[in-house]
Amino acid sequence: MENEFNIDAISKLARMNLSGEESESLREDLRNILSYVNMLSELDLEDIEPTSHVVEIENVFRDDVVRESHTADKLFGLISDEKYEGYFFKVPKIIEE
Amino acid sequence: MEKFLSVKEIVGYISSDKNKALDVASYFAGKVKEIDPAVGAVLHFDEIKYRVSLDKAATDGKYYGLPVGVKDNISTDGWETTCASNILTGYIPPYDATVIEKIYENGGYVFTKCDMDEFAFGSSSETSAYNGRAFKQKKFKDGPVANPVNTEYVPGGSSGGSAAAVAAGEVPVALGSDTGGSIRQPASFCGVVGLKPTYGRVSRYGLIPFGSSLDQIGPITKSVEDAAVMLEIIAGYDEKDSTSVNIPVPDYTDCLGRGLKGMKIGVPKEYFSDGISNDVVDRVKEAVEIFKKLGVEVLEISLPHTKYAVPIYYVIATAEASSNLARFDGVQYGYRSGDKSLSDMYFNTREAGFGKEAKRRILLGTFVLSSGYYDAYYKRAQKARTLIIKDFKEAFKVCDIILTPTSPTLSFKFGEKENDPIAMYLSDVFTIPANLAGIPAISVPAGLSKDGLPVGVQIMAPHFKEEVIFQTAYAFETELKKR
């Protein structure tokens, strides 16, 4: 299983560049961690239900009423100018010419 | 004001007088300036800001004037909130976390933010991005947070700044967050009290998330009584956190001083395996003797799946972390690389913004959730998590609380485990199970090792039984003081 670990593919999925040196040492670390994690294959988990949440939660309903929340003025007032225009976040061009 | 200051003493001294509240603030500011150049617990310290925060405190609040140290992953309006990461440098939240609102409503206020492992990823506070770059963040020490008991040693983590600040007397109380032991392990290393409440007891709204099914905010204090006071302030249902649970908050200080006669304490045999320090074993044995003296019946119990807790945790917590940290892409928060294409901006912002441990965990989490590996890793870990929960359910059929060491080892020196991720992860082996099961757990000081380093014992109880935890921890603390 651990041999299948492809750090280039994973870092692409995570949208994160890695320098050559960093990539090398992280690959080694992750191999070790995954072989440690493989301890879980000793367990017979055939009929066990997975847990995604530990306490019982119920759906909550409320009336849809307008009330004050975080104001855009305050939010945009706190971030640097080159990141927004009006009430919009500004990002580099998405569609190439 | 030179002696030990409990919350009650501070609040009693102030008795709703603003000038006295300012006296108390100056006293602690003096402590920060005197002690923190050696300890390095605080981030973004600012004497103007804490005065502004004090003005937000309700003057008719029960705890008017109580200064609080806040871990830097809890959103604080007006205060930079960075998770000790480069990627959030400069980020000021436009709102307060619910726990912070509750502190203001009760008369307390944000006194300083506290340093931590980056995004709470670590057990030593060494992964803070401001380790060695103090000037950037109004930090007094240009190096990692040190253990105030012995500054050659780490304070533990990830809430190491909060624990060190309390232990050093720079703040009377602090808030931390605990995903796998991040409140309890540093509390144990620094010789203070740290509580992880039941999952759902305290609102997570405004806590920058790490592992959403595991995270809880909790107090780090000098005494069990102060921890009870703090939990009473921050606990309760919050409509802004759908995982908070709507059950009443009891008066947690009420149960302090109640006797323990007739109670049953379970000591799990799996918590005394190889690799545990003799100093830790000695202190736990003494704790067992103390509980027996207090009329408690001590039973040996078994939590058979304990050894799987760390691998389960490192799959589930990293999976959740990789999704939670996807939002840090340069668009909205903090740091953004100056690239001309959107894709390059994402990739380069994240490369420059995250430190090595954050990258390690993001990659691991991305991998275990990726197509083809999801069932083999993530789903398997979720199933194994069910077994950990079952272990506790069985155990609590025969005992009221469970007593264990908080960490298998004492505090260690800087750099000792930095390059060995698995050794670092194992320092949370006894604290992780409570997060996986969502049960409350406290670390209480249990004395010192031969070399003078603090040892903590952990008390765990069933869901929402924090009262029983406070009752037993208080009785233990009181009895230990007599020795």
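Five salt bridges are counted between chain B and chain A. The model is a predicted one. Chain B and chain A together bury about 5,600 Å², and carbon and sulfur atoms account for 69% of that area.

**The interface between chain B and chain A**

- Chain B contributes 69 residues to the contact, and chain A contributes 56 residues.
- Of the area that chain B buries against chain A, 12% is supplied by B:Phe347, B:Leu363 and B:Arg380, more than by any other three residues.
- One salt bridge links the side chains of B:Arg360 and A:Asp29, with an N to O distance of 2.8 Å.
- Between chain B and chain A, 22 residue pairs are in polar contact, both residues being at pLDDT 80 or more.
- Six helices of chain B each supply at least two residues of the side that touches chain A: H9 (309-324), H10 (342-353), H11 (356-369), H12 (374-398), H13 (421-425) and H14 (432-437).
- H12(B) provides the largest share of that side, 13 residues.
- The side of chain B that touches chain A comprises 38 nonpolar, 15 polar and 16 charged residues.

Two packed helices are described by the angle between their axes and the distance between the axes.

*H11(B) and H12(B)*

- The axes of H11(B) and H12(B) come within 7 Å and cross at roughly 105°.
- Angles of 65 to 115 degrees count as roughly perpendicular, so H11(B) is roughly perpendicular to H12(B).
- H11(B) makes the contact through B:Phe367, B:Val368 and B:Leu369, and H12(B) through B:Tyr374, B:Tyr377 and B:Tyr378.
- By class, the contact of H11(B) with H12(B) has six nonpolar residues, with no polar and no charged residues.

*H4(B) and H7(B)*

- Helix H4 (residues 98-105) of chain B packs with helix H7 (residues 224-234) of chain B at an angle of about 110°, their axes being 8 Å apart.
- H4(B) and H7(B) are therefore roughly perpendicular to each other.
- The contact involves B:Val99, B:Lys102 and B:Ile103 of H4(B), together with B:Met230, B:Ile233 and B:Ile234 of H7(B).

*H1(B) and H2(B)*

- Helix H1 (residues 7-14) and helix H2 (residues 18-39) of chain B have axes that come within 8 Å and cross at roughly 135°.
- H1(B) and H2(B) are therefore oblique to each other.
- On H1(B) the contact is made by B:Ile10, B:Tyr13 and B:Ile14, and on H2(B) by B:Lys20, B:Ala21, B:Asp23, B:Val24 and B:Phe28.
- The residues of the contact of H1(B) with H2(B) are six nonpolar, no polar and two charged.

**Backbone geometry in a loop of chain B**

- Most residues other than glycine have a negative phi, and most peptide bonds are trans.
- B:Gly157 and B:Ser158 are joined by a cis peptide bond, with omega of about 10°.
- B:Ser158 lies in the loop between strand E3 (109-114) and helix H5 (160-167) of chain B.
- B:Phe119, which is not a glycine, has a positive phi of about 55°.
- B:Phe119 is found in the loop between E3 and H5 of chain B.

**Charged pairs**

- Side chains of opposite charge can pair when their charged atoms come close.
- Over all chains, the whole structure has 25 salt bridges.
- In chain A, the side chains of A:Glu24 and A:Arg27 meet in a salt bridge, with an N to O distance of 2.6 Å.
- A:Glu24 and A:Arg27 are separated by about one helical turn, because they are three residues apart in helix H2 (residues 20-37) of chain A.

Definitions and conventions:
Residues numbered from 1 in each chain as written. Chains lettered and ligands numbered in written order. Predicted model: local features only at pLDDT ≥ 70, side-chain atom pairs only at ≥ 80, totals over all residues. Heavy atoms only, no water. Axes fitted to C-alpha atoms, helices over the stretch in contact; angles between N-to-C directions. Helix = DSSP H or I, 4+ residues; strand = E, 2+ residues; numbered from the N terminus. Parallel < 35°, antiparallel > 145°, perpendicular 65-115°, else oblique. Contact = heavy atoms within 4.5 Å. Buried area = accessible area lost by both parts, 1.4 Å probe. Salt bridge = Lys/Arg side-chain N within 4 Å of Asp/Glu carboxyl O. Polar contact = N/O pair within 3.5 Å; in protein donor to acceptor, adjacent residues only side chain to side chain. Nonpolar A, V, L, I, M, F, W, Y, C, P; charged D, E, K, R; others polar.
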